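Trainee: Please show me how to read a few local features in a model.
Mentor: We will take them one at a time.

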Amino acid sequence: MIGATASPGAAAARKPHPAQWWFGIWDVEKSLWPHGKGRGVTVAVIDTGVQASLPDLSGAVLPGADFQTGGGGDARTDNKSFSDGGHGTRMATLIASRGTGTGLLGVAPEAKILPVVGQSSAAFTKGIRFAADRGAKVINLSQAAPGPCPADMQAAIAHAIRKDAVVVAGAGNDGNGANASNNPANCVGVLAVGAADITPKPWVQTQRQPYVKVAGPGVLASGVSADGTLNFNKAGTSQAAALTSGVVALIRSAHPEWSNREVVRQLVASAKDIGPKGKDDQTGYGFTRPYRIFEGMIPKSTPNPVFEEYDRWAATHKEEADPQNAAGGGARDDKPLTDWTGLFGMLGMLLVVVLAILFALYKTRRSKPAAAGPVGPVPGAPPTFGTGPYPGPGQPPQPGSGAYPSQGMEGRQQSAPPGQRPRFEPPLQEGYPPQTHQDIPQQPPQ
């Protein structure tokens, strides 16, 4: 029984709202939840904030951060001025609603939500780093802004990937219009999600871009708004990304030993082709079927296009991909900054030469008759032995000042020449409006 593996109490008996059609097509209750409901996984929602006071989110929302307004705060209040009624809250409830208010259940109802207010390129970038540094294993960006991936955002995504996070983003909602290339979906290493309907077929407005990797439920889908109301007559890749993030949380909960790479590989491999034959620009490799992952139906060593693209980028952008190991800001050749073995070998050879010279001088001086005069060293002469404060016979001579070469590292810590880097467009201006907060109203089927 499912109840035997679910959390104790009334929550174990809760059923999804009848309008949550994705529970049926994904077979969430029978094929996914017996393996876990997201417990132990934190999902960051970088959006408008999350209304933590809603009954549906009771105990689900952690203190977060506001990187947009500059007013501080923990992002546990949805800033409704950014969206139509609380976009961030709707995404958070699709992911992790407990079903204790409206009856809507999140795909991962035992996951935690880390809310982040971010409505600009700079805020997205800070939010991604913040989420990764606080242990979020899934970072959801149901956001899209026209333009290439800014370099600082790409570096933040690389940071999140090093922290073992899966970054999920909506592809965009104007595929039947301007069809812009949107960030953060077009950043490498991001699982970019298109939207599909219940049939499932591609949603007419989902973006048509080569960065799209998979599709998820995005039509007649919504969550709980910040005022506690619920309706399902909306569509967008925002919802598709949020629901996919919920699935990723389930996978990570059931398989904590899997890396972000393995999670993404299996999710992409689970997809069913629903568009033109093969990979297409609306739904990528197809509509995800997470039950295949939990039933062990994914072959080993299937391709991982998300991380293959990331690895190709990382190979030529070592400073951004792994700045701690980059040599002085340039490309790294996998050698230490200082070749200590070679250095000590060179110093050892110099020491042998110097000692040989000093010994030759000593033998020369000993072979000459000593001049009459006071006992002790002659000013300016090399040291003699057995007199004054100097060592006796058989003890090594003490080098005079300047006898040894400088041990400074000049010339050995220079940066490697910077590699060829692609031209990134300048970052978008602070305050640009994301595109996907205005979910598209949909008419329910007659």
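This is a predicted model: local features need pLDDT of at least 70, side-chain atom pairs count only at pLDDT 80 or more; totals for chains, interfaces and linings use all residues.

Mentor: Residues are numbered from 1 along each chain as its sequence is written, and side-chain values use heavy atoms, with hydrogens and water left out.

Trainee: Which strand pairs with strand 3 over 6 bridges?
Mentor: Strands (E, at least two residues) and helices (H or I, at least four) are DSSP runs numbered from the N terminus. Two strands pair if DSSP finds at least two bridges between them. Here strand 1 (residues 42-47) pairs with strand 3 in the parallel sense, with T42 opposite K112. Strand 2 (residues 65-66) is also parallel to strand 3, through 2 bridges, and A65 stands opposite V116.

Trainee: Is Q20 buried or exposed?
Mentor: Buried means under 20% relative accessible area, exposed over 50%, partly exposed in between (1.4 Å probe, protein chains only). Q20 counts as buried because its relative accessibility is 3%. Q20 sits in the loop between helix 1 (2-5) and helix 2 (22-25). In strand 3 (residues 112-117), 5 of the 6 residues are buried.

Trainee: Where is there a cis peptide bond with omega about 10 degrees?
Mentor: That bond joins N183 and P184. Another cis bond runs from T199 to P200, with omega near -15 degrees.

Trainee: What is the phi of A75?
Mentor: A75 is not a glycine, yet its phi is positive, about 65 degrees.
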